Structures are given as C-alpha cells and as structure tokens.
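Here is a short briefing for a first look at this protein. Keep the sequence and the 3D view side by side as you read.

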Amino acid sequence: MRALIVAWLEHLERERNCSPHTLRAYAGDLERFVAFLAEYLGREPRAIDPAEIDALAVRSFLAWLSRRGTARRSQGRALAAVRGLFRWATREGRLPANPAATVRTPKAGKSLPEHLRPGEIEALLAAPEGDEALARRDRAALELLYATGLRVSELVSLDWSDLDLRARVLRVVGKGRKERMVPFGRPAQAALAAWRESWSAVASPGGEEEPVFLNATGTRLSDRSVRRLIDRAVESTALARGVHPHVLRHTFATHLLEAGADLRAIQELLGHESLSTTQRYTHVDLERLLAVYRDAHPRAKGEGR
C-alpha cells in the first residue's frame, strides 16, 4: 500500500507540479488512511493489499475520521487524496477499479472566512514599533501581506529580484508553480524600502539568494515565524478575536470587492484556479449587494428609496 502511495506522490510532484504543501497534506491524509486500514483489516500496514479495499472501507475511513473530531472540510480533503490515489492507480492499470469513486464527499459547513474591518487592519499594520531592523521587517511583511493578498508561503519565498520597488509590482510563483504579477501600494513600498536599508545588516554573508524576509540569524524567514510575527502584532493591539496569516488574505480580497473591484480581477491577484474559491474569500454584506442591484439593474433603479 505504501509503495503505491509513494509512486502516486512522485507522479504528482513530477507530472502535475503539485506544491510541497499539497504533497505534505496528501501524504498526511494517506498515512492516516493506512493507519485506519491496519486497524480495520487487523493487519500490519506492509501486509495491506490495495486491491482488497472496497467502497465500504473508504466510507468507514470517513466515519473513523469523524469519530476523532476531524472537521468535514478536512474529511473531504482526505477523501480527495484517497480518490486521487485510486483513480491514478486504476488509470495506470495497477488496480481494476477505484473503490472511492462512488463515495460522496462530506458536506462542509458554509462558514465565511474571518476578515478585519477598517480600523482593525490599520491597528494591526501599525503594531510593530521602533526603528530597529526587525521592527522594519515586521512592518514590511504585514504591509505586503495586506497589500497583495499573498499566501504566507509565497511571501517567505520572495527574493529581492522578484520585486520592482519603483514600479510597485512583484512576481510570485503560486500553487501549481503558476507565476503571476501582483501590484502593491505606496505604504508597502515605503515599508519595504525602509526594511531594505537594514536588510544587509541582518543578512548572512555569502548567501547565493537574497530572500526579502530574514529571521534574526540572517536566513530566510519561515512560515511559522510569520505566524509568530502576526501573533505579536495581535497581542499588542489587543484585537478581540484570533487573527492568523490567512485573515490578511481574506481582508485584502474583501476590501477590494467592497471598493468595487471586479471579482475576476481579484481571482487573478489571489492566484485562484476557480472563481468559486475567490467568492469564499470575500465578504459582502446584504445591504451592499442590494445597493449594487438597485443602482445597476434597469428594473430596480430607484427601488426602496
């Protein structure tokens, strides 16, 4: 079973250009699937034959995840990993049929992602105080996250060669190794320029790369460090609710839409494959939707005024 999983993950990396994050997520889901099968079939993982797995086993796996408190969205991702593994194995002739093909994806609750309101976002961006190098770095990271809607993995992967500070635009390689250009505003430009002045004093000498964001030891900043950075900013501003890095991405998309930006343009800026994913990232209240409708639809102009 594990040999089949390894072969599929290698296929995804080589042929499908899946991101390391996606590969890690699928690997973790399939490792849980193997652990479940060992319990379900009563044998060692190395003795599990993929050909003996049927739809009932896959459904039982979802029930097993549910009993352990796994969220429905995470159950759906785990099923996608199992389904993708068996679909590929069937297509390659390694299995006669896909046992997960008829298993329905658990319905996830339609909760909207969190975002910050005007006032909250300004407080967060102003949280890193002082003029020392790492305070400049923190301000630049927060400003750029809000200005561009980048994923944290995309932020920490940036090199200075990816940025054009004068033109206020950056190049980023996102999911599926797809490249996109993203503009940013003057506040982010100023914060980056200030951090650039201190950057060489922090950077490790002799490095071949020039990562934009560095840790205290002079090497590339990690995803986890960005989360700690945001935690410090949240604590200092005493925001009442939890703020994680993706909140800035949601806030970026929501504020653009509220200001009248086209949804497809936001999709391009965020690097989303599907427009439906972009819609999940945006918050538009009912009053605004009604106002747009009344102003734009020939049969509704003047309605309710």
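In which helix is the place of Ser198? Ser198 sits in helix H8. The model shown is a predicted one. The protein has 13 helices and three strands. Of its 305 residues, 43% are buried. Among contacts with a separation of 6 or more, 59% join residues 24 or more positions apart.

- Ser198 counts as buried because its relative accessibility is 11%, below the 20% cut-off.
- Beyond its neighbours within four places in sequence, Ser198 is in contact with Ala133 and Arg136.

**The largest nonpolar core**

- In soluble globular proteins, nonpolar side chains tend to be buried together.
- Here the largest nonpolar core has 47 residues.
- The residues with the most contacts inside this core are Leu144, Leu170, Leu192, Trp195, Phe213 and Ile230.
- Helices H5 (120–125), H6 (133–148), H7 (152–157) and H8 (186–202) are among the elements that give the core two or more residues.
- Strand S2 (169–173) also gives two or more, as do helices H9 (223–237), H10 (245–258) and H11 (263–270).
- H8 supplies the largest share of this core, with six residues.
- Leu170 touches residues including Leu144, Thr148, Leu150 and Leu158. The partners of Leu170 also include Asp162, Leu163, Arg180, Met181, Val182 and Phe184. These contacts leave out residues up to four places away in sequence.

**A second core**

- A separate core has 36 residues.
- Tyr26, Leu62, Leu79 and Phe86 are among its members.

**Helix H1**

- H1 covers residues 2–15, which makes 14 residues.
- From first C-alpha to last, H1 reaches 20 Å, close to the 20 Å expected at 1.5 Å a residue.
- The buried residues of H1 are Leu4, Ile5, Ala7, Trp8, Leu9, His11 and Leu12.
- H2 and H4 are among the elements that cover these buried residues of H1.
- Just after H1 comes Asn17, with a positive phi of about 55°.

**Helix H3**

- H3 runs over residues 55–67 and has 13 residues.
- H3 reaches 19 Å from its first C-alpha to its last, close to the 18 Å expected at 1.5 Å a residue.
- In H3, the buried residues are Ala55, Ala57, Val58, Ser60, Phe61, Leu62, Trp64 and Leu65.
- An α-helix has 3.6 residues a turn, so residues three or four places apart point the same way.
- The buried residues of H3 pack against helix H2 (20–41) and helix H4 (72–91).
- Gly69 follows H3 and has a positive phi near 80°.

**How H6 meets H10**

- What is the angle at which H6 and H10 pack? The angle is about 45°, and the axes of H6 and H10 are 7 Å apart.
- H6 and H10 are therefore oblique to each other.
- H6 brings Leu142, Leu145, Tyr146, Ala147 and Thr148 to the contact. H10 meets them with Leu248, Thr251, Phe252 and His255.
- The residues of this contact divide into six nonpolar, three polar and no charged.

- Leu124 lies in helix H5. Is Leu124 buried or exposed? Leu124 is buried, with a relative accessible area of 0%.
- Leu124 and Leu142 are 18 residues apart along the chain, and their C-alpha atoms are separated by 8.1 Å.
- Arg168 is placed in the loop between strand S1 (163–164) and S2. Its phi is near 60°, a positive value in a residue other than glycine.
- Arg168 counts as partly exposed because its relative accessibility is 22%, which falls between the cut-offs of 20% and 50%.
- His272 lies in the loop between H11 and helix H12 (275–281). His272 is buried, with a relative accessible area of 10%.
- His272 and Gly174 are 98 residues apart in sequence. In space they are 9.1 Å apart, C-alpha to C-alpha.

Note on methods:
Residues are numbered from 1 along each chain as its sequence is written. This is a predicted model: local features need pLDDT of at least 70, side-chain atom pairs count only at pLDDT 80 or more; totals for chains, interfaces and linings use all residues. Side-chain values use heavy atoms; hydrogens and water are left out. A nonpolar core is a set of buried Ala, Val, Leu, Ile, Met, Phe, Trp, Tyr and Cys residues joined through side-chain atoms within 4.5 Å. Buried means under 20% relative accessible area, exposed over 50%, partly exposed in between (1.4 Å probe, protein chains only). Helices (H or I, at least four residues) and strands (E, at least two) are DSSP runs, numbered from the N terminus. Contact means heavy atoms within 4.5 Å. The expected span of a helix is 1.5 Å times one less than its number of residues. Axes are lines fitted to C-alpha atoms, for helices over the stretch in contact, and angles run from 0 to 180 degrees between N-to-C directions. Angles under 35 degrees count as roughly parallel, over 145 as roughly antiparallel, 65 to 115 as roughly perpendicular and the rest as oblique. Ala, Val, Leu, Ile, Met, Phe, Trp, Tyr, Cys and Pro count as nonpolar, Asp, Glu, Lys and Arg as charged, and the others, Gly among them, as polar.
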